[in-house]
Amino acid sequence: MIGRHSAVRIDLGTGDGRTVLAAAAADPRRLVIGVDANAAGMFEASRKAARGKLANALFVVAAAERLPTELDGVADAVTVYFPWGSLLRGVVTADPVVVTGLARLLKPGAALSILVSVIEHDRGSGLPPIDENDLRGLAGPYAAHGLTITEIAPATAAEIAATGSSWAKRLGAGSQRSAWRIAAHRSNAQRAPELAAEHRTGTACAEPAGDAR
């Protein structure tokens, strides 16, 4: 399936999958894979992909901490847009399991784009507000897992809108709260460290239209 497409993008923590549908419709040559631990959240997007004959949209049920080995090294780009819960904590604290998983998904040199927002109102999530200095402190831990951070900057309204993220709208990102963009890439050709003994394969929630469902 992957070989039939010119490029592969993985949207990790895809939520309701609308970002996947928009990206797949925009470029039929690119395979767009949405990954999320919540199968129910992606169900409607999966049905829309089938009805709209988006053969290049795929949804996979998996937690960021236990990504399927079938996705290792397949992505030309990985996006993580406004994560929440354990994925958010993993990204902004450079949790080794989450960062290793991100690196594993990427081809050598492939791009990682993260948009995050954590403000005072979110302390209930167990995270303090984040600022540029906090995010710059991620450079070392990310590099230790094969990811080179190339830019950290406030996310613009246009960048937030371009994600198509429903969660960003609910949060009021860019209008009611600040948001940050982290750009990185897979820094070498070596496979990221694996947690093979603890790894579980994710389960496909839906396959592209035209394939078995």
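Let us begin with Trp84, which is partly exposed at a relative accessible area of 36%; with a 1.4 Å probe and protein chains only, buried means under 20%, exposed over 50%, and partly exposed in between. The model is predicted, so local features need pLDDT of at least 70 and side-chain atom pairs count only at pLDDT 80 or more, while totals for chains, interfaces and linings use all residues. Residues are numbered from 1 along each chain as its sequence is written, and side-chain values use heavy atoms, without hydrogens and water.

Which residue forms an aromatic pair with Trp84? The partner is Trp167, edge-to-face, 5.5 Å centre to centre with 70° between the planes. (Rings of Phe, Tyr and Trp, the latter by its six-membered ring, pair if their centres lie within 6.5 Å; planes under 30 degrees apart are stacked, over 60 edge-to-face, the rest tilted.) This pair links distant parts of the chain, 83 residues apart: Trp84 sits in the loop between β4 and α3, and Trp167 in helix α8. Trp167 is partly exposed too, at 27%.

Trp84 also brings us to the largest pocket, being among the residues nearest its centre, together with Gly13, Thr14, Gly15 and Asp36. In all, 24 residues line this pocket, and α3 gives the most to the lining, with three residues.

Finally, look at Thr79 in strand β4 (residues 75-81). Helices (H or I, at least four residues) and strands (E, at least two) are DSSP runs, numbered from the N terminus. Thr79 is buried, with a relative accessible area of 5%.

Technical notes: On a 1 Å grid over the protein atoms alone, a cavity is a set of points where a 1.4 Å probe fits but cannot get out, and a pocket is an open set with protein on both sides within 12 Å along at least five of seven lines; lining residues have an atom within 4 Å of a point.
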